[in-house]
Amino acid sequence: MITLHGHGVYLKDGALCSEAPISLAEGKQRTLAWNILQAHSVSSSTEQLKIRFDALVSHDITYVGIIQQARASGMQEFPVPYALTNCHNSLCAVGGTINEDDHVFGLSAAKKYGGIYVPANQSVIHSYAREQLAGCGTMILGSDSHTRYGALGTMAVGEGGPELAKQLLKNTWDIPYPKVVLVYLTGTPKQGVGPHDVAIALVKATFASGFVNNCVLEFAGPGAAALPIDFRNGIDVMTTETTCLSSIWETDGETEGFYQAHQRGSAYKELHPGAFAWYDKYIEVDLSMVEPMIALPFHPSNAWTIREFLDNAQEILAQVEADAQARYPKATVKLRDKIHDGGVWADQGVIAGCAGGLFDNIAEAADILRGESCGDGYFALDVYPTSIPVSLELTKNGDTAALLQSGAILKPSFCGPCFGAGDVPANNGLSLRHTTRNFPNREGSKPSEGQFAGVCLMDARSIAATARNGGRITPATEIDYETTRRQYHFDSSVYEKRVYNGFGRPEPETELILGPNITDWPKMQPLAENLLVELAAVLRDPVTTTDELIPSGETSSYRSNPLRLAEFTLSRREPAYVGRAKAAAEMEARRLGGEVPEALKALLERAGASAEDTQFGSCVFANKPGDGSAREQAASCQKVLGGFANICYAFATKRYRSNCINWGILPFTLDEGAEFPFENGDCVFVPGIRKAIQEGVEDIPAKVLRADGTEAELLLHVKGLTAEEKEIILDGCLMNYYANRS
């Protein structure tokens, strides 16, 4: 089904070959990735890129902070098209006015700075970008990790908010030229197999080993031509879960048809790798061998074919229960109760968002359920079309009626089911979702308080097949149904009537509308000569996600209020963290005010350091932090609470490491295999840290001051900082960096 090859390969005329009449260096320059990246780089070096993007996208739990950062740094107008969508904080039923306050701020900002404002429930962020902003050979930067439009010939990247603030200030996204991995597609998917099945299989094959970590995936091969554009988009958006950097596909008549359908034919260009394009590694995917897949909690890579899962459900669910119980001792986990009456039964199905809510997915789900019933039991099916134009077309062609007649519920465009703000299951509920992630708490439960629910990722086709069987988990390949591909008709009048498009027409006299929950960032100090940090959270999990660092769901409403949001930091993983961090921050505030607490004096004496030139704060240790969302708040909340460092063996994603740097958090790493036998309350003293960063020293000796009075040596690394990143860390954060140069 999927084969990984750790060595390079050439591609000529759609065929793999091991030899070529050109050098590797020449072959490297014939990939799509090379040509698009170099065309967007303003660097004099082809290996150290400085990228300027063609467009930006953000949603309503990120754009307020981004605009606040950029305007504090001197931004006067948006220099490129910047779409502000309202698809995450769309529910305005709780929390007072704060969600809608963000929305009116967004519209006022679009008017003031010349932006694009997409009202709530019109479209999810990535649907709007595909429909209105993507273009062959272009690049888009988004403040959401699933910013992926490679199937449309657009290289797109999800990053934290500060990277968008840089673009708004006409600066660059700086990266070393990445490795490029070919994904070579052959065969044709069988009926009942959908894009999520292929995507989950790809994530399973690549995630654990880091095979494509921070690489660009380039899709080609004869199998690609047989895939409809929605199928390609559905695979492409999930490449984020492989931890790759970005993605790009060959374009063809199918791609051109997408742009023509959306009345943007001029955005199409034919894109193909040059003869003997060279790839650092490659992956072969035989689409004809892909089976319906299911990803069990708590990661898209924890995947099986549905048939394997059903045949071994007792053993597999026992493993999930044990994992859940270890994570959440207060919860009583009973997933094996779902095994009865000759099958495994789910409580809920959800088809939604940038991965699931696509036109073809919902249309085929309607075919499976046409004339059938979801039943009157515990199982319920909710369907969220990804945009109003998609919903309108489904209504016109009768698919909405077929779904409603089967007992499914149609809901507006909304990302909530993907991050825990909609369709929260009952305690011990099992939800099947065609969404992007199934991390812990991603469905909205609170297992640390005794509530637990599990999410399994499945394709819309198998979710519909399951609904047809009243909730008994069923692969769509085992259902007899007829399906035909519909021609999609995009109605642009919907956006013309409701979307505000002010790009190129800023109105600087417009006043920003600032509700009481929209606050400025607190003042942050530059890096001192020495650093002393207390371990406020020591996390031993193999990987720590951004959802654990700052939870999604109900916290989203506070994303415009840095101080209130920071109270949720690590709340579901290490509840004592906030108290420890705030205690350290209080001591640092007193030091800055000239009053050094006795406890800090004692630590400084042990370190042999002075209070005048030694900064004190908190630190997080995790084996591999930052998998998951691009949300900058995973880092900024630590800084707001006085955090100055992360210590780890490796960062799970580039975007989380960049977020740390942009918020002035030192990205310390350890040698692989080095012991870290330290616990909460121990302190790490890093002498001469400011000078080390200034001079580019990458190996930095440190001393651990244990709470029990003993000491230990520690070797920390800060590798690969660019000149600008060094200055950002020295200044204390990106905002300080810009303020100091304004």
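Reply: Let's start with Glu 679, which has a relative accessible area of 44% and so is partly exposed. Keep in mind that this is a predicted model. The partner of Glu 679 is Arg 540, and their side chains meet in a salt bridge at 3.2 Å, N to O. The two come from distant parts of the chain, 139 residues apart: Arg 540 sits in the loop between strand S26 (530–539) and strand S27 (544–545), while Glu 679 sits in the loop between strand S31 (666–669) and strand S32 (683–686). Arg 540 has 38% relative accessibility, so it counts as partly exposed as well.

That pair is one entry in a count of 35 salt bridges. Another is Glu 159 with Lys 654, where the closest N and O atoms are 2.5 Å apart. Glu 159 is in the loop between strand S9 (155–158) and helix H6 (161–168), and Lys 654 is in helix H25 (residues 654–662), so this bridge ties together parts that are 495 residues apart in sequence. Here both Glu 159 and Lys 654 are buried.

Then there's Arg 336 with Glu 321, a salt bridge of 2.7 Å, N to O. Glu 321 belongs to helix H12 and Arg 336 to the loop between helix H12 (313–327) and strand S18 (339–340), so the parts tied together are 15 residues apart in sequence.

Now for the nonpolar side of things. The largest nonpolar core has 104 residues, and the members touching the most others are Leu 185, Ile 283, Phe 309, Leu 381 and Ile 473. Helix H14 (residues 359–369) supplies the largest share of this core, 7 residues. As for Phe 309, its contacts beyond four places in sequence include Ile 294, Trp 304, Leu 317, Val 344 and Ile 473. A second, separate core holds 63 residues, among them Leu 37, Phe 105, Leu 245 and Tyr 279.

One last stop is helix H5 (residues 125–133): 8 of its 9 residues are buried, so the rest of the structure largely encloses it.

Technical notes. Residues numbered from 1 in each chain as written. Predicted model: local features only at pLDDT ≥ 70, side-chain atom pairs only at ≥ 80, totals over all residues. Heavy atoms only, no water. Buried < 20%, exposed > 50% of the residue type's maximum accessible area, 1.4 Å probe, protein only. Helix = DSSP H or I, 4+ residues; strand = E, 2+ residues; numbered from the N terminus. Salt bridge = Lys/Arg side-chain N within 4 Å of Asp/Glu carboxyl O. Core = buried A, V, L, I, M, F, W, Y, C linked by side-chain atoms within 4.5 Å. Contact = heavy atoms within 4.5 Å.
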